[in-house]
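Hello,

Here is the structure I said I would pass on. My notes follow below it.

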Amino acid sequence: MRGIRLGLVVLLVAVIGLAACSSGNGGKSQSQTPVQQASSDRLNLKGDCPDTVVVQTDWDPESEYGVYYHMLGPDPKIDKAKKRITGRLVAEGQDTGVQLEIRAGGPSIGFEPVTSQLYKDDKITLGQISTDEAIRTSAKQPTLAVVAPMEIGPFMIMWDPKQYPQFNIIADIGQTDVKVFYFQADTYMEYLLGAGILRKSQVDGSYDGKPGNFVASGGKIAQAGFATSEPYIYEHEVPQWDKPVKYALVNDTGYPMYPQALSIRAGDKDKLAPCLKKLVPIIQRAQIDFIKNPDQTNKLIVDLVKQYKTGWQYSPGLANYAVTKMRQDFINNGPDKTLGNFETSRVQRMIDIVTPIFVAQKKPPKQGLKPSDIATNEFIDPSIGITG
């Protein structure tokens, strides 16, 4: 799934030539207000967490990962060469006593999966790992998700509404001969084919993120992507298209993965438990605060992208669009009143869906895999959720 974003590097650099805008804050964090030491044990992470909590993301900075950048205190240090930022971990305006380091993924780690990075570098505390990835690696590199900052995955298939006004859901595309371009590594496509939602004769795994095929076809093809990015990019930042697209979510077809859930090496659970008991609720609250007050964090994210110079481009308009879409569709409490927790039935559904796929690919998951093997609510504070 990361491959689509790899293609967007080419899309934005080679096709658009869009220059990212600097926030003008010199790479400092979203708040320059002095912070005080944590006044309660609830927010004091010193002694319970590593001196530096390291979060490995799966792509360059973007608003989808804003919760982590939102927790950085004033004057963080930016390592442009290693594509990482480090500063005081701040919660509710208070210094927790430890540092937070956020590492860029994607091109910055040679496009390796975050799971591989977790097992390659034991300094990494937590990494972004989606449910299907956790299942795939459960036999040899087991991970345990401890909080899901985003409830619903933004993975989608889009089309031109003028060409296909009759399309409303992905299954509508499957009733036609319209070609669907996607990235070859997307596990969800195997599910869409196996469930009969799309047909093998109509899908093409050669999509690399470039808009060329979509534009050249006049919108006669459908294309995979992210609901938090491509719809805005195609309408506002691809001059060859410059009009709206319509899309339907993969999640709505019955593929209910938790996207980029924050995860640890499964074997580290006991060691990290005292830390996670305090840190996970801090992350829950930070996500709520970020989506309510994103402006300064978005400025930091846009500025970081400019400084990292990986080829990824990120405009203020795209950052704002992503937050708006996340508020509307992707960040919520789910069926209860808690943000960030996992439904056992959803995780089991994903195990049921993707296990046969991975077995067929000769990458079988752990024998007898259970939801509790890859996700836990042990550290979630059930009282923390979005209100109003």
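Asp160 counts as buried, because its relative accessibility is 3%. (Buried means under 20% relative accessible area, exposed over 50%, partly exposed in between, with a 1.4 Å probe and protein chains only.) Asp160 sits in the loop between strand S8 (155–159) and helix H5 (170–174). Helices (H or I, at least four residues) and strands (E, at least two) are DSSP runs, numbered from the N terminus. Leaving aside neighbours within four places in sequence, Asp160 is in contact with Phe214, Gly218, Gly219, Trp241 and Lys243. Contact means heavy atoms within 4.5 Å.

Some ground rules. This is a predicted model: local features need pLDDT of at least 70, side-chain atom pairs count only at pLDDT 80 or more, and totals for chains, interfaces and linings use all residues. Residues are numbered from 1 along each chain as its sequence is written, and side-chain values use heavy atoms, with hydrogens and water left out.

Now the cores. The largest nonpolar core has 72 residues. (Such a core is a set of buried Ala, Val, Leu, Ile, Met, Phe, Trp, Tyr and Cys residues joined through side-chain atoms within 4.5 Å.) Tyr69, Leu89, Leu126, Leu279 and Tyr314 have the most contacts inside it. H9 gives the most to this core, with 11 residues. Apart from it lies another core, of 47 residues, including Ile170 and Phe358.

Next, helix packing. Helix H6 (residues 187–194) and helix H12 (residues 344–360) pack at an angle of about 90°, with their axes 10 Å apart. Axes are lines fitted to C-alpha atoms, for helices over the stretch in contact, and angles run from 0 to 180 degrees between N-to-C directions. H6 and H12 are therefore roughly perpendicular. (Under 35 degrees counts as roughly parallel, over 145 as roughly antiparallel, 65 to 115 as roughly perpendicular and the rest as oblique.) On the H6 side, Thr187, Glu190 and Tyr191 take part; they meet Arg349, Ile353, Val354, Ile357 and Phe358 in H12.

The other pair is H9 (residues 269–292) and H11 (residues 316–330). Their angle is about 120°, and their axes lie 10 Å apart. That makes H9 oblique to H11. Phe290, Ile291 and Lys292 in H9 meet Val323, Met326 and Arg327 in H11.

Best wishes
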